[in-house]
Amino acid sequence: MKKQTDKIKHEPLLYIHTITNSNVDAAMQSSLLLEVKKRKAENAKSRMEEEKAVSSKQRGNKAGEETKKLKKPFYTLSLEEKIHYLVGPPMDAHKKMCKIITTEREYIGKVEGYHNEILAVNTPNVPDSIFLTLQEIKEIHVIGI
(Lines give C-alpha, C1' and ligand atoms only; values in the text may rest on other atoms or scores of the structure.)
Protein backbone atom coordinates (compact mmCIF):
# COMPACT_ATOMS: atom_id res chain seq x y z
CA MET A 1 0.00 0.00 0.00
CA LYS A 2 1.49 3.32 -1.11
CA LYS A 3 1.05 6.44 0.93
CA GLN A 4 -0.05 9.68 -0.67
CA THR A 5 3.21 11.32 0.37
CA ASP A 6 5.13 8.80 -1.73
CA LYS A 7 3.58 10.28 -4.89
CA ILE A 8 4.79 13.77 -4.11
CA LYS A 9 8.47 14.43 -4.26
CA HIS A 10 9.49 17.45 -2.25
CA GLU A 11 12.54 19.47 -2.93
CA PRO A 12 15.08 19.38 -0.15
CA LEU A 13 15.42 22.50 1.93
CA LEU A 14 19.20 22.37 2.03
CA TYR A 15 21.43 21.01 -0.70
CA ILE A 16 24.74 19.50 0.20
CA HIS A 17 25.87 19.22 -3.40
CA THR A 18 24.68 21.27 -6.32
CA ILE A 19 22.02 19.41 -8.19
CA THR A 20 19.58 20.41 -10.88
CA ASN A 21 16.34 21.77 -9.61
CA SER A 22 13.20 20.33 -11.11
CA ASN A 23 9.72 21.66 -10.43
CA VAL A 24 7.75 19.33 -8.25
CA ASP A 25 3.96 19.67 -8.21
CA ALA A 26 2.35 19.05 -4.86
CA ALA A 27 -1.42 18.57 -4.84
CA MET A 28 -1.86 19.92 -1.34
CA GLN A 29 -0.40 23.30 -2.27
CA SER A 30 -2.80 23.76 -5.17
CA SER A 31 -5.81 22.87 -3.02
CA LEU A 32 -4.65 25.32 -0.36
CA LEU A 33 -4.26 28.08 -2.93
CA LEU A 34 -7.81 27.47 -4.15
CA GLU A 35 -9.16 27.76 -0.62
CA VAL A 36 -7.27 31.00 -0.03
CA LYS A 37 -8.62 32.50 -3.28
CA LYS A 38 -12.19 31.52 -2.31
CA ARG A 39 -11.82 33.15 1.11
CA LYS A 40 -10.48 36.35 -0.44
CA ALA A 41 -13.43 36.48 -2.85
CA GLU A 42 -15.91 35.94 0.00
CA ASN A 43 -14.24 38.64 2.10
CA ALA A 44 -14.37 41.09 -0.79
CA LYS A 45 -18.10 40.40 -1.31
CA SER A 46 -18.86 40.88 2.39
CA ARG A 47 -16.86 44.15 2.47
CA MET A 48 -18.80 45.47 -0.52
CA GLU A 49 -22.11 44.62 1.19
CA GLU A 50 -20.98 46.32 4.42
CA GLU A 51 -19.92 49.44 2.52
CA LYS A 52 -23.30 49.61 0.81
CA ALA A 53 -25.08 49.26 4.16
CA VAL A 54 -22.90 51.95 5.75
CA SER A 55 -23.41 54.36 2.85
CA SER A 56 -27.18 53.91 3.04
CA LYS A 57 -27.08 54.57 6.80
CA GLN A 58 -25.00 57.70 6.20
CA ARG A 59 -27.57 58.99 3.74
CA GLY A 60 -30.25 58.46 6.37
CA ASN A 61 -28.14 60.16 9.06
CA LYS A 62 -27.54 63.31 7.00
CA ALA A 63 -31.09 64.44 7.70
CA GLY A 64 -30.58 63.67 11.40
CA GLU A 65 -27.31 65.60 11.53
CA GLU A 66 -29.07 68.79 10.53
CA THR A 67 -31.35 68.53 13.56
CA LYS A 68 -28.46 67.93 15.97
CA LYS A 69 -27.33 70.98 17.89
CA LEU A 70 -23.76 72.09 17.60
CA LYS A 71 -21.81 72.14 20.84
CA LYS A 72 -21.07 75.67 21.95
CA PRO A 73 -19.25 77.02 24.98
CA PHE A 74 -21.60 77.82 27.88
CA TYR A 75 -20.78 81.52 27.92
CA THR A 76 -21.89 81.93 24.28
CA LEU A 77 -25.37 80.45 24.88
CA SER A 78 -28.41 82.70 25.18
CA LEU A 79 -30.21 83.00 28.53
CA GLU A 80 -32.93 80.48 27.61
CA GLU A 81 -30.37 78.00 26.22
CA LYS A 82 -28.43 78.24 29.48
CA ILE A 83 -31.59 77.56 31.48
CA HIS A 84 -32.53 74.55 29.35
CA TYR A 85 -28.99 73.19 29.71
CA LEU A 86 -29.09 73.56 33.50
CA VAL A 87 -32.60 72.11 33.90
CA GLY A 88 -31.93 68.98 31.84
CA PRO A 89 -28.35 67.86 32.45
CA PRO A 90 -27.22 64.48 31.10
CA MET A 91 -28.01 61.48 33.33
CA ASP A 92 -24.38 61.00 34.38
CA ALA A 93 -23.84 64.68 35.28
CA HIS A 94 -24.80 66.36 38.53
CA LYS A 95 -26.67 69.64 38.72
CA LYS A 96 -24.20 72.48 38.79
CA MET A 97 -24.03 75.40 41.18
CA CYS A 98 -24.86 78.67 39.45
CA LYS A 99 -24.58 82.34 40.11
CA ILE A 100 -27.78 84.00 38.92
CA ILE A 101 -27.65 87.78 38.62
CA THR A 102 -31.01 89.56 38.69
CA THR A 103 -31.94 93.23 38.58
CA GLU A 104 -32.14 93.33 42.42
CA ARG A 105 -29.53 90.88 43.72
CA GLU A 106 -27.41 87.78 43.10
CA TYR A 107 -28.37 84.20 43.96
CA ILE A 108 -26.09 81.19 44.26
CA GLY A 109 -27.73 77.78 43.96
CA LYS A 110 -28.87 74.95 41.71
CA VAL A 111 -31.52 75.36 39.03
CA GLU A 112 -34.36 72.99 39.94
CA GLY A 113 -36.94 73.68 37.26
CA TYR A 114 -38.26 75.99 34.57
CA HIS A 115 -41.93 76.34 33.59
CA ASN A 116 -43.86 79.22 31.95
CA GLU A 117 -40.81 81.53 32.08
CA ILE A 118 -40.43 81.00 35.84
CA LEU A 119 -37.14 79.59 37.08
CA ALA A 120 -36.97 77.64 40.36
CA VAL A 121 -33.63 77.96 42.16
CA ASN A 122 -32.64 75.93 45.22
CA THR A 123 -30.13 77.86 47.34
CA PRO A 124 -28.14 76.18 50.12
CA ASN A 125 -28.99 78.77 52.80
CA VAL A 126 -32.77 78.98 52.12
CA PRO A 127 -34.84 75.80 52.70
CA ASP A 128 -37.48 76.59 50.03
CA SER A 129 -36.92 77.21 46.34
CA ILE A 130 -36.72 80.76 45.04
CA PHE A 131 -38.83 81.55 41.97
CA LEU A 132 -37.50 84.07 39.45
CA THR A 133 -39.12 85.29 36.25
CA LEU A 134 -37.15 85.36 33.01
CA GLN A 135 -37.47 89.16 32.83
CA GLU A 136 -35.74 89.57 36.23
CA ILE A 137 -32.69 87.50 35.26
CA LYS A 138 -29.80 89.37 33.66
CA GLU A 139 -27.05 86.73 33.62
CA ILE A 140 -26.34 83.14 34.60
CA HIS A 141 -22.84 81.88 35.35
CA VAL A 142 -21.93 78.31 36.25
CA ILE A 143 -19.57 78.09 39.17
CA GLY A 144 -16.65 75.80 38.44
CA ILE A 145 -16.59 76.00 34.63
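Of the 145 residues of the protein, 17% count as buried. Bear in mind that this is a predicted model.

Reader: What makes a residue count as buried here?
Author: Its relative accessible area has to be under 20%. By that cut-off, 17% of the 145 residues make it.

Reader: Okay, what is the protein built from?
Author: Three helices and five strands. Along the sequence the pattern reads α-α-α-β-β-β-β-β.

Reader: Why is the contact between K72 and E81 called a salt bridge?
Author: The rule asks for a Lys or Arg side-chain nitrogen within 4 Å of a carboxyl oxygen of Asp or Glu. For K72 and E81 the N to O distance is 4.0 Å, so the pair counts as a salt bridge. The structure holds three salt bridges.

Reader: And why is E81 called partly exposed?
Author: Partly exposed covers what lies between the buried limit, under 20%, and the exposed limit, over 50%. E81 has 36% relative accessibility, so it lands in that middle class.

Reader: What makes E112 and K95 a salt bridge?
Author: Their side chains come to 3.8 Å, N to O, and the cut-off is within 4 Å, so the label applies. This pair links distant parts of the chain: E112 sits in strand β2 (residues 106-115), while K95 is in the loop between α3 (79-87) and β1 (97-102), 17 residues apart.

Reader: Are those two buried, exposed or partly exposed, and how do you know?
Author: E112 has a relative accessible area of 34% and K95 has 33%. Buried would need under 20% and exposed over 50%, so both residues are partly exposed.

Reader: Which other pair makes a salt bridge, and at what distance?
Author: E106 and K99, at 3.5 Å, N to O. E106 is partly exposed at 44% relative accessibility, and K99 is partly exposed too, with a relative accessible area of 29%.

Reader: Now the sheet. How do you know that β2 and β3 pair?
Author: Pairing takes at least two bridges between the strands. Five bridges join β2 to strand β3 (residues 118-122), so they qualify as paired, and they run antiparallel.

Reader: What makes β4 and β5 edge strands?
Author: The five strands form an open sheet in the order β4-β3-β2-β1-β5. β4 (130-133) and β5 (137-142) each have a single partner strand, so one side of each has no neighbour in the sheet. On average, neighbouring strands of this sheet are turned by 45 degrees against each other, direction ignored.

Note on methods: Residues are numbered from 1 along each chain as its sequence is written. This is a predicted model: local features need pLDDT of at least 70, side-chain atom pairs count only at pLDDT 80 or more; totals for chains, interfaces and linings use all residues. Side-chain values use heavy atoms; hydrogens and water are left out. Helices (H or I, at least four residues) and strands (E, at least two) are DSSP runs, numbered from the N terminus. Buried means under 20% relative accessible area, exposed over 50%, partly exposed in between (1.4 Å probe, protein chains only). Axes are lines fitted to C-alpha atoms, for helices over the stretch in contact, and angles run from 0 to 180 degrees between N-to-C directions.
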